[in-house]
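Look at the sequence and the model below.

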Amino acid sequence: MTARRGLYTLAGTLLLIGFVILGLSVDKRPPPVDVALADTFRGQYTRPAGQVADLVTNVLGPVLPFVLGTVLVVIALRRRELTALCVKLAVVLVLCRLTSLIAKPLFYRDRPREFPDPSYPSGHVVAVACTGFVAVLLCAWTRPRLARLAITIAVAATLVAALCRIVLGVHWLTDTAGSVLAVGGVGLISAAGLGLLPRPEDPA
């Protein structure tokens, strides 16, 4: 168990290192893939595709961690035996969500078009990814049979959120990739540290 927990922590550390390296490498000049995608979707935020993307990101965005946080509170109140689990999950959720709030001022990357706040990482994608990460943990501990479905939904929602932010021209592709790296890194480290990974029932 201790060895496997160490592997999760190592994986999380590597993801965080990747997040920092990526942020530093794109801080001054966007790579060609960023420029190509930004040019492809330039001006779309005023068109139907952008309007749809804007509606989607109103749902797949910063509101999601608050919704999941409320769900955790309700579960903790209704099922006292799950209170400790919900508290740990809430800690992971908060730590993962803080990644964009802390990192944006550190990198202070310009966005593809004029828009408030720095660009790296995407706060919307961080919000969706951290919600998905914690939702998967919740299912793994309370409804293991739903864990794979939760993973599929979490990945799909994160990809859709990332695409929408790129279509809207408010984030580069690497902003969204950095968001996933940050959440994955902080999520794995904090979940392992709190004893959420691996689960006792997980096969060795």
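This predicted model holds zero disulfides. A disulfide is a covalent bond between the sulfur atoms of two cysteines. Cys-139 is in no disulfide. The nearest cysteine sulfur to that of Cys-139 belongs to Cys-86 and is 12 Å away. What about Cys-164? The closest cysteine sulfur to that of Cys-164 sits in Cys-130, 17 Å off, which is too far for a bond. To count as a disulfide, two cysteine sulfur atoms must lie within 2.5 Å.

Are Cys-139 and Cys-164 buried or exposed? The cut-off for buried is under 20% relative accessible area. Cys-139 has 17% relative accessibility, so Cys-139 counts as buried. Cys-164 has 8%, so Cys-164 is buried too.

| Cys-139 | Cys-86 | 12 Å |

Now the fold. The protein chain has eight helices and zero strands. From the N terminus, the elements read α-α-α-α-α-α-α-α. The radius of gyration is 18 Å, close to the 17 Å that the globule rule gives for 204 residues, so the chain is as compact as a globular protein of that length. The C-alpha trace spans about 50 × 35 × 25 Å along its principal axes.

What of the surface? Of the 204 residues, 45% count as buried. The accessible surface comes to about 10900 Å², and 70% of that belongs to carbon and sulfur atoms. The chain carries 20 positive and 11 negative side chains. The centres of these two sets lie 9 Å apart.

Terms used:
Residues numbered from 1 in each chain as written. Predicted model: local features only at pLDDT ≥ 70, side-chain atom pairs only at ≥ 80, totals over all residues. Heavy atoms only, no water. Helix = DSSP H or I, 4+ residues; strand = E, 2+ residues; numbered from the N terminus. Rg over C-alpha atoms; globule rule 2.2 N^0.38 Å. Buried < 20%, exposed > 50% of the residue type's maximum accessible area, 1.4 Å probe, protein only. Areas by Shrake-Rupley, 256 points an atom, 1.4 Å probe, with all protein chains shown as cover. Lys, Arg positive; Asp, Glu negative; His and termini not counted. Charge placed at Lys NZ, Arg CZ, Asp CG, Glu CD.
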